[in-house]
Amino acid sequence: MTDRVLQVAGIAKRFPGVIALDRVDIDLRAGEVVALVGENGAGKSTLMKILAGLYRPDAGEVRLDGRPVTIDSPSAAARLGIAVIHQELEVVDTLDVAANICLGREAVWGGPLRLLDRRAMQATAAAALERLGINARRNEMAGAGLHVRTRVGALATAQRQLVTIARALAMDARILILDEPSSSLTLDDTNRLLEVVRELRAQGVAIIYISHRLAEVEAIADRVVVLRDGRNAGSLERGQIDRQVVVRMMVDREVERTAAAPSRQSVPADVHFEVAGLRTRRYPAVAVDLTLNRGEILGIAGLIGSGRTELAEAICGVTPAVAGTVRLDGRPLRIDTPFDAIAHGIYLVPEDRRRHGLMGAAGVRENITLPAINRHARAGLIARRAEAAWARQAAASLSVKAASIETPVATLSGGNQQKVVLARWLSLDPRVVVFDEPTRGIDVGARAEIYAVMRRLAAAGTTIMMVSSDIEEILDVSDRVAVMHDGRITGILHRDACTPERVMQLAVA
Amino acid sequence: MTMRKEISVLVLLAALCAIVASQSPQFLSVTNLQNMARLIGTYGIFSIGVGVVIITGGIDLSIGSICALLGVLLSMMLVDWQWPAAVAVPAVIALGGVLGAGHGLLITGFGLQPFIVTLCGLLLYRGTARYIASDVTKGFGSAAGFEWVRSLASGSVAGIPMPFVLLLGTAAIAWILLHRSVYGRHLFAVGRNVDAARYAGIDVRAVTTGAYVISGLLAAISAILIAFYTNSISPSTHGNFYELYAIAAAVVGGCSLRGGEGSVLGIILGAAVLQVIRNLVNLMDVPSSLDFAVMGAVILIGALADELVRRERT
């Protein structure tokens with residue numbers, strides 16, 4: 001038993017309205033790579049944050065070398081030898097590699113003056129890089145690649161990642177948690193990263209490798225632990241690891257098609273909205289094509305980072321596409337700004353409504369009339385009574401619960417805030433509405449109301465695209481489902497042929 | 001929209017007036033009130049402009065130097081070049097707008113920070129003013145032909161100094177623009193949440209640039225009034241610290257430097273508070289060297305009291 005460096009036993013974590021982790025167990029031995037996989041929202045990040053000292057578990061315990069430990073802060077995690085490499089690499093661009101690797105643990109001399117001992121830090125950094133198979137001295141002599149005096153801002157993403165891993169090693173990390181380490185790496189860089197992981201495994205580091213990419217998991221993992229809805233969904237030892245089996249473990253659940261979801265008539269073929277050869281700024285090499293019928297709800301599924309939000313934002317002019325055509329009723333549109341999209345009746349309900357949708361300090365009225373205040377103005381002056389009447393009616397049509405239309409939206413619940421965003425667009429004769437994660441952070445009751453609104457809109461001839469990470473939502477609401485992976489549409493499934501398993505297979509491509 | 005902030009500034013203003021009036025009978029004399037109204041008018045106009053910029057979440061540090069540059073130019077146009085006032089005055093105002101547009105375009109087009117752009121403006125225009133005036137004090141002397149402009153600065157209507165009348169006119173237009181027009185709605189939206197404004201289809205760049213144009217135009221109008229009020233424009237000191245008066249007036253009046261908050265009424269009350277404090281220093285035998293120190297202390301105490309009251313309520 002003592003060879004188990006880390007034991008997570010019966011860890012539970014509950015957030016208001018959600019059980020993020022429900023008695024999860026994981027063991028990790030020295031020199032072992034355990035891949036942690038699961039859908040968006042399966043509990044991987046929560047578990048990682050508990051190990052990193054960012055969250056405290058509600059129940060269960062974490063044992064290191066068989067002894068229970070309390071990880072109550074990130075510095076406690078570091079002291080215990082646990083290091084997390086996040087997707088957003090935490091480096092200081094303006095410092096050099098050695099300073100980054102020793103950040104917070106600088107070598108000093110000069111007694112109370114605490115002057116920086118650059119030579120000692122460079123030696124520490126070189127030693128840490130050496131463990132990753134990087135000969136810093138040789139690189140410096142050659143004047144190429146990663147060495148201790150390179151400014152981190154000048155490094156490519158893959159190299160910056162190596163710097164953060166080296167920092168973890170310099171802090172004597174015995175347990176390394178890599179969160180989606182390959183999500184922004186090229187294939188070559190990913191292969192190099194896997195080499196580094198193997199190297200560290202050989203040195204006895206225990207590694208948790210979180211990834212959506214099952215090909216990598218197959219290549220690197222000694223064991224796969226699958227989480228589903230905050231619970232252990234099974235694990236596979238090396239040799240048993242099979243992509244099909246993993247996918248089934250990730251999604252296998254009784255999908256309750258809610259009674260509220262009426263079996264929809266199939267939408268008649270009547271092309272309303274087309275996207276042809278659209279290339280987003282993030283994935284310029286990939287062209288996306290989509291054809292939507294009038295009154296159709298097209299779900300866009302895929303894992304985080306698969307390019308769904310980028311597609312939605314390109315269609316709505318937030319981040320204009322680098323190439324491609326968008327046609328409405330056969331007519332090509334030029335959409336360079338949100339204004340252009342709005343002028344054609346194409347509206348975005350953004351993922352982060354507080355940041356991109358609403359002015360928190362302003363009231364319901366001003367938030368509803370913001371994009372079309374011109375409609376209530378003559379010669380540039382606002383007709384306030386007409387504006388208030390409009391806002392009141394728009395809010396009432398979605399039964400926004402607020403004391404008055406002047407109540408600041410920041411004080412409303414998530415569901416009511418989302419209804420304010422919807423009320424804004426619904427009052428403006430929508431032709432196409434693009435929803436990005438329409439029910440994130442919204443309770444069950446308001447969720448059902450929002451689905452009802454979407455169906456009502458579709459029935460009235462508005463065409464809907466719905467980006468969602470919630471597979472049940474995708475299955476419940478969509479007429480068809482387009483699945484994305486790395487910026488590409490890997491498949492389009494009709495409602496009847498759509499199962500969680502099929503979606504997940506396409507999503508991990 | 002609540003008036004809480006405006007009411008608290010009004011209370012501060014009334015308290016200051018009561019203190020000065022009780023200590024110095026001169027405070028309520030017609031001459032003193034008239035003189036104060038003239039200054040409130042002149043300073044209030046450019047404070048509104050800076051307030052508009054602050055509402056977008058920006059800042060304008062160039063006001064004092066714009067006053068110096070435009071004051072020098074006005075003198076040169078009227079006295080040295082013998083331009084008719086009907087040409088010189090619109091030219092100066094237009095130039096103020098052009099300078100503001102330049103700031104706005106640098107900020108929105110190149111993504112430079114407002115602080116940097118207008119700080120460079122502060123240095124550039126001051127230097128230019130001193131250079132074109134050969135660092136010599138300019139004035140209007142006994143030159144004739146523009147009495148009507150002079151009367152805008154030094155005249156009165158029914159005992160009310162013209163600059164104060166002009167401030168009321170400016171304030172009325174600004175109030176409609178900020179609180180009743182589409183542009184004003186967009187301006188506040190940009191200040192409250194620039195992303196949400198962009199996602200709602202608002203042309204954030206045009207709105208922001210417009211704010212700097214307004215600031216430049218109002219600074220130019222004030223510059224004309226100040227030039228005639230002082231009647232002597234020393235290019236190296238004329239208008240010094242005016243940008244800070246404007247920022248102080250806006251902030252005392254309830255504008256948040258984070259943007260999205262503020263009102264025309266508040267800014268004017270803020271400008272009045274500052275002038276009453278200066279008057280207090282004059283009348284109450286406070287050494288005039290303490291001028292800025294008293295102003296700093298009063299603003300600080302006001303801000304602190306306001307914050308404490310706000311916390312108490314929430």
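Residues are numbered from 1 along each chain as its sequence is written, and chains are lettered from A and ligands numbered from 1 in the order in which they are written. Since the model is predicted, local features need pLDDT of at least 70 and side-chain atom pairs count only at pLDDT 80 or more, while totals for chains, interfaces and linings use all residues.

Let's begin with chain A. It has 18 helices and 24 strands; here helices (H or I, at least four residues) and strands (E, at least two) are DSSP runs, numbered from the N terminus. The radius of gyration of chain A is 26 Å, close to the 23 Å that the globule rule gives for 509 residues, so chain A is as compact as a globular protein of that length. That radius is taken over C-alpha atoms, and the rule is 2.2 Å times the number of residues to the power 0.38. The C-alpha trace of chain A spans about 70 × 50 × 45 Å along its principal axes.

How much of chain A is buried? The share is 47% of its 509 residues. Buried means 20 or more other C-beta atoms within 10 Å of a residue's own, exposed means 12 or fewer, and partly exposed is in between, with C-beta atoms placed from the backbone.

Now please find strand 21 of chain A, residues 432-436. There, 5 of 5 residues are buried. Val432(A), Val434(A) and Asp436(A) point one way, and Val433(A) and Phe435(A) the other. Strand 21 pairs in the parallel sense with strand 18 over 4 bridges; pairing takes at least two bridges found by DSSP. Ile346(A) has Val432(A) as its bridge partner, and Tyr347(A) has Val433(A). Strand 18, residues 346-349, is covered on both faces, with Ile346(A) and Leu348(A) buried on one side and Tyr347(A) and Val349(A) on the other.

Strand 21 also runs parallel to strand 22 of chain A, residues 463-467, joined by 5 bridges. Here Val432(A) stands opposite Thr463(A). Together with helix 16, residues 444-459, strands 21 and 22 of chain A make a right-handed β-α-β unit. Right-handed means that, with the strands pointing away from the viewer, the path from the first strand over the helix to the second runs clockwise.

Over to the meeting of the two chains. The contact takes 21 residues from chain A and 16 from chain B, where two residues are in contact if their C-beta atoms, placed from the backbone, lie within 7 Å. On the chain B side, helix 8 (182-192) and helix 9 (194-199) each give two or more residues. Helix 8 gives the most, with 5 residues.

Ile48(B) is in helix 2, residues 30-55. Is Ile48(B) buried or exposed? Ile48(B) is buried, because 29 other C-beta atoms lie within 10 Å. Beyond its neighbours within four places in sequence, its contacts include Thr170(B) and Ala174(B), and both of those are among the buried residues of helix 7.

Leu257(B), by contrast, sits in the loop between helix 11 (242-252) and helix 12 (264-283). With 13 C-beta neighbours inside 10 Å, Leu257(B) counts as partly exposed. Leaving aside neighbours within four places in sequence, Leu257(B) is in contact with Ile54(B) and Val251(B).
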